[in-house]
Amino acid sequence: MSWTWEYVFGAEEAARTAPPAFLTEIERKADELVRAAEALYLHGPAHGGNDPKGGDVVVPGGMFSYQIVVRSERVFVVQITYLGL
């Protein structure tokens, strides 16, 4: 298994209608989160502790919330908010 990210819950539905430039920024930041998590948790499936606290990331045009699940080696984008700024 290798680290990756994906949309879940309502974020997947919201991504279908969000502008492509906004989604590109989310994907770029999500890729950065994946690289950081992969470096920090080298043996994800063997992780015995609690998952780290998720967070919010501001990107041009809005923001998104994420959660890291170490044992699954996934960064989940759980909510996106497009503000159109």
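This is a predicted model: local features need pLDDT of at least 70, side-chain atom pairs count only at pLDDT 80 or more; totals for chains, interfaces and linings use all residues.
I started at Tyr82, which counts as partly exposed because its relative accessibility is 44%. My cut-offs: buried is under 20% relative accessible area, exposed is over 50%, and partly exposed is in between (1.4 Å probe, protein chains only).

Residues are numbered from 1 along each chain as its sequence is written, and side-chain values use heavy atoms, with hydrogens and water left out.

Next I checked Phe22, which counts as buried at 2% relative accessibility.

Then the rings. I count Phe, Tyr and Trp rings (six-membered ring for Trp) as a pair if their centres lie within 6.5 Å; planes under 30 degrees apart are stacked, over 60 edge-to-face, the rest tilted. I found two aromatic pairs in the structure. Trp5 and Tyr7 sit edge-to-face, at 5.1 Å centre to centre with 85° between the planes. Both Trp5 and Tyr7 are buried. Phe22 and Tyr82 have ring centres 5.1 Å apart and planes at 55°, so I logged that pair as tilted. It links distant parts of the chain, with Phe22 in helix 2 and Tyr82 in strand 4, 60 residues apart.

Last, the core. I take a nonpolar core as buried Ala, Val, Leu, Ile, Met, Phe, Trp, Tyr and Cys residues joined through side-chain atoms within 4.5 Å. The largest one has 23 residues, and those with the most contacts inside it include Trp3, Tyr7 and Phe64. Helix 2 gives the largest share, seven residues.

Note on methods
Helices (H or I, at least four residues) and strands (E, at least two) are DSSP runs, numbered from the N terminus.
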